[in-house]
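Morning, everyone. Please look at the model on the screen while I talk.

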Amino acid sequence: MPRATLHNRQDSLDRALNLFWQKGFHATSLKDIERALDMRPGSIYATFGSKDGLFQEALECYSARSLREMESLMASHDSPLTALAAYIRKLGGLRDSEVPSRACMLAKSLLELGEREQAARDKVETLLAGMEARFRQAFADARDAGELIDPERPAHQPERLGRRLQAEVMGLRAYAQREGESDAVRQLAEDIAQDIEALKVNNTH
């Protein structure tokens, strides 16, 4: 495929991602997609197969982008727990970011999609499981590095910590979607970050 075609396809996918992230699957009409992508219906179907196909690709693109950002941040810290705390503090600035929605696109889609969109819902479940697995791996890395203050405690097992952190991230982002003060979101993020740091051996906080 020519380079220009690849570029144009990715640009269209990025536009679709922003549109679906802002409006959701059901509220996004074909006319909305035509305008956002500046494409005729025939070209949209030829490129992405269907609205559902385009939506699922947008979900994959969103998830991949989120994981890349997290991996970049994780790589910048020697300590997995410190890296996770930094990740949460970064989310605390959500209300100051120019994004289509402060809520997680995957979480929004999980709540919106029903049986008629089972394939897309399955995609969301898979992508959310992938993010939870990354959190779980970070806690496992912390355990293996001797960072966890009480690794034998059931509540400090990587599986439970990863599950809890994903729930906290989803809740934080949903809260940030509300109208309110940016400082409140930052404080919530700081509380979660400090809870993570409190798991660390020789924690000084």
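Read along the sequence, the pattern is α-α-α-α-α-α-α-α-α. That is nine helices and zero strands. Both come from DSSP runs, numbered from the N terminus: helices are H or I with at least four residues, strands are E with at least two. The C-alpha atoms fill a box of roughly 60 × 40 × 35 Å, taken along the principal axes.

A word on where this comes from. The model is predicted, so local features need pLDDT of at least 70 and side-chain atom pairs count only at pLDDT 80 or more, while totals for chains, interfaces and linings use all residues. Residues are numbered from 1 along each chain as its sequence is written, and side-chain values use heavy atoms, with hydrogens and water left out.

Now one annotated stretch. An unreviewed UniProt entry marks residues 29-48 as "DNA-binding region". UniProt positions here follow the numbering used here, feature names are shortened, and annotations may be inferred rather than shown by experiment. The span is 80% helix and 0% strand, and its end C-alpha atoms lie 15 Å apart.

Next, helix α2, residues 30-37, and helix α3, residues 41-48. Their axes come within 10 Å and cross at roughly 85°. Axes are lines fitted to C-alpha atoms, for helices over the stretch in contact, and angles run from 0 to 180 degrees between N-to-C directions. So α2 and α3 are roughly perpendicular to each other. The cut-offs: under 35 degrees is roughly parallel, over 145 roughly antiparallel, 65 to 115 roughly perpendicular, and the rest oblique.

Which residues meet there? From α2, Leu-30, Ile-33, Glu-34 and Leu-37; from α3, Pro-41, Ile-44, Tyr-45 and Phe-48. Contact means heavy atoms within 4.5 Å. By class, this contact has seven nonpolar, no polar and one charged residues. Ala, Val, Leu, Ile, Met, Phe, Trp, Tyr, Cys and Pro count as nonpolar; Asp, Glu, Lys and Arg as charged; the others, Gly among them, as polar.

Now the pair α4 and α7. Their axes are 10 Å apart, and they pack at an angle of about 5°. That makes α4 roughly parallel to α7. On the α4 side, the contact includes Phe-55, Leu-59, Leu-67 and Met-70; on the α7 side, it includes Val-124, Leu-127, Met-131 and Phe-135. The class count is 12 nonpolar, three polar and five charged residues.

On to the open spaces. A pocket is found on a 1 Å grid over the protein atoms alone: it is an open set of points with protein on both sides within 12 Å along at least five of seven lines, whereas a cavity is a set where a 1.4 Å probe fits but cannot get out; lining residues have an atom within 4 Å of a point. Grid points are joined across faces, edges and corners, and volume is the space filled by probe spheres set on the points.

The largest pocket has a volume of about 520 Å³. It is lined by 24 residues, and Tyr-62, Ser-66, Glu-69, Leu-91 and Arg-173 lie nearest its centre. Which helix supplies the largest share of that lining? It is α4, with seven residues. At least two residues each come from α4 (51-75), α5 (80-91), α7 (118-144) and α8 (158-177). The lining has 15 nonpolar, five polar and four charged residues.

The second largest pocket has a volume of about 180 Å³. Of its 13 lining residues, Ala-155, Leu-161, Arg-164, Glu-168 and Leu-199 are closest to its centre. Here α8 gives the most, with six residues. Its lining splits into seven nonpolar, one polar and five charged.

The search finds one cavity of 30 Å³ or more. The largest cavity holds about 40 Å³ of space. Its lining includes Phe-20, Trp-21, Phe-55 and Met-105. Two or more residues each come from α1 (3-23) and α6 (105-112). The largest share is from α6, with four residues. By class, that lining has five nonpolar, two polar and two charged residues.
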